[in-house]
Number of protein chains: 2
Amino acid sequence: MTVGEKGSKEIEIRRVKDGRRMDEKDHVAVESPLTIFFNEQELVTLLCSPRDLQYLALGFLRSEGLINGVDELEKVTLDQERSIVYVYAKEQGNLAEKLYGKRTITSGCGKGTVFFHALDSLQSKPVISALKVKGESLFTLMRALQERSLLFHATGGVHSAALAEEGQILVYSEDIGRHNAMDKIVGECLVRGISLHDRILLSSGRLSVEIVLKGAKMGLPLIVSRSAPTSLAVELADRMGITLVGFVRGSRFNIYTHEERIL
Amino acid sequence: MTVGEKGSKEIEIRRVKDGRRMDEKDHVAVESPLTIFFNEQELVTLLCSPRDLQYLALGFLRSEGLINGVDELEKVTLDQERSIVYVYAKEQGNLAEKLYGKRTITSGCGKGTVFFHALDSLQSKPVISALKVKGESLFTLMRALQERSLLFHATGGVHSAALAEEGQILVYSEDIGRHNAMDKIVGECLVRGISLHDRILLSSGRLSVEIVLKGAKMGLPLIVSRSAPTSLAVELADRMGITLVGFVRGSRFNIYTHEERIL
């Protein structure tokens, strides 16, 4: 059993079809733990697809509000063998208190804890963006997302996400967890200096309140998925000035909030 | 906007089809926070479908190893309006230390934190069970699961799970989170005194390592899903003596581990 480059692994299974049992090889998505140390404190262990682990760690820290940019960081090192990312901030400080105060556990695929009560953020400032996008562009972008998600086709167990602008995908990621996929994008944007302002988030997975929350924190004005949103995701998007589009399939989609951005 | 009995909510959306925009009503799955207090300590806030909240709270506590049975409990109360379940154990004790030690965040839909390193449990004892099930029974059971999941049909965003024996579903649950759906079953079994020994877990969702972990802790010998397992789920099931069956669709399925239980 070797881990493929695409994050899948070949294993031996018995396939049963019409009552007959056959020995076959199959691919399953690799799930593995990633532990993040922040300023020498063990922060959290995520279960994720073992790719882009530094992006994931940085995106997680950014999404949780522990860092704002790479300029705050001293050093980031990956211990590939033990699957640990060490992040050192220039400014030391015990952040554990802040973290362990309130915890909301998610309903979503992908890492579960948001370290504050989800609804607190309803007090946050709405996203301001003049972005307008043609409806047809959404089909093109979601098709591009699907074409990129090779891993999903191989294993049936992986979510994909992308940062896009009208006409093209800028950053692509995939992970067994929806939230991890999004954090990998956030992390890659931090490292590569790509702005999320006026940009579009594409997701293959369900739009739960946490995805919208992450989007709101990043100032993303438009979130698009081929799946359904939850009630709380719709409420939050409405309050935060985010356009939420779901069920992009064939020649149709649903606009749940702030339709003014879709031309 | 009123919350339906089935955990879905009617909202107004714009449906776009072939370039035309129409005002329509649609149903989305309700996602709402549930806070669990254990012995007057705030333990965690889950995002979940607002049904069977007491079952969810008890199942969560059981899955996390904080309680073993209802006989240990003094009282369980639900504050429906504020969405809080208060659980009081007969034996008081500060369990926070135990909990806040190590945290693994999940890849899966459903609540995310397991309060210990997932891989620690590989030291646990394997499941001992003489259960054998005919392959055809799995089709029947998965069809029964699908028929019960009315909410899923309405909103496209909900997972279902069931405890079954060959021939029938015993306990059924659904939730926007896969893990929540499983914990609701664990909780209901605790309250109703239903044994999980020699029984089958059915799931509509992906089989991540956490689902297998929960199954192992409950002594479940057979876990069946219409979706894919992850690599770590397969490894854990193999070590823990659990039969893992995935991709039950039409007249076929895959056996990943311990095929001896499938006749």
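Student: What does "buried" mean for a residue, and how much of chain A is buried?

Tutor: A residue is buried if 20 or more other C-beta atoms lie within 10 Å of its own. Keep in mind that this is a predicted model. Chain A has 263 residues, and 52% of them count as buried.

Student: What is chain A built from?

Tutor: Chain A holds seven helices and 14 strands. Look at its contacts too. Take those with a separation of 6 or more: 52% of them join residues 24 or more positions apart.

Student: How do I read confidence, and where is it lowest among the elements of chain A?

Tutor: Where pLDDT is low, the predicted coordinates should not be read in detail. Chain A averages a pLDDT of 85, and 84% of its residues score at least 70. Strand E8 of chain A, residues 113-114, has the lowest mean among the chain's elements, 40. Strand E12 of chain A, residues 222-225, has the highest, 97. Two stretches call for care. Residues 100-104 of chain A stay under 50, and the model gives them 14 contacts beyond four places in sequence. Residues 107-118 of chain A are also below 50, with 68 contacts in the model beyond near neighbours in sequence.

Student: What scores does the predictor give the complex?

Tutor: The complex gets an ipTM of 0.77 and a pTM of 0.83.

Student: How should I read a sheet, and which strands make up the open sheet of eight?

Tutor: Strands of a sheet pair through backbone hydrogen bonds, either parallel or antiparallel. Here the order is E10(A)-E9(A)-E11(A)-E12(A)-E13(A)-E14(A)-E1(B)-E2(B), and the pairing is mixed. So the sheet takes strands from both chain A and chain B.

Student: Why do E10 of chain A and E2 of chain B stand at the edges?

Tutor: Each has a single partner strand, so one side of each is left without a neighbour in the sheet. E10(A) covers 168-175, and E2(B) covers 20-29. On average, neighbouring strands of this sheet are turned by 25 degrees against each other, direction ignored.

Student: How many bridges join E1 of chain B to E2(B)?

Tutor: Ten, and the two strands run antiparallel. E1(B) spans residues 8-17. One facing pair is B:Lys17 and B:Arg20, the latter in E2(B).

Student: Which strands does helix H7 of chain A touch in the sheet?

Tutor: H7(A), residues 231-239, touches E13 and E14 of chain A, together with E1 and E2 of chain B. Its direction makes about 65 degrees with that of E14(A). Helix H5 of chain A, residues 178-192, lies across E9, E10 and E11 of chain A. H5(A) runs at about 130 degrees to E10(A).

Student: Why is H7(A) called largely enclosed?

Tutor: Seven of its nine residues are buried, so the rest of the structure largely encloses H7(A). Among them are A:Leu232, A:Val234, A:Glu235 and A:Leu236. The buried residues of H7(A) pack against H6, E13 and E14 of chain A, and against E1, E2 and E3 of chain B. Just after H7(A), A:Gly241 takes a positive phi of about 70 degrees.

Student: How is chain A divided into domains?

Tutor: Domain 1 is 32-118, and domain 2 is 135-261. Their contact takes 23 residues from domain 1 of chain A and 28 from domain 2 of chain A. On the domain 1 side, H1(A) gives the largest share, nine residues. That side divides into eleven nonpolar, nine polar and three charged residues.

Definitions and conventions:
Residues numbered from 1 in each chain as written. Chains lettered and ligands numbered in written order. Predicted model: local features only at pLDDT ≥ 70, side-chain atom pairs only at ≥ 80, totals over all residues. Pairing = 2+ DSSP bridges. Helix = DSSP H or I, 4+ residues; strand = E, 2+ residues; numbered from the N terminus. Axes fitted to C-alpha atoms, helices over the stretch in contact; angles between N-to-C directions. Contact = placed C-beta atoms within 7 Å. pLDDT = per-residue confidence, 0-100. Domains from an automatic or database assignment. Nonpolar A, V, L, I, M, F, W, Y, C, P; charged D, E, K, R; others polar. Buried ≥ 20, exposed ≤ 12 C-beta atoms within 10 Å, placed from the backbone.
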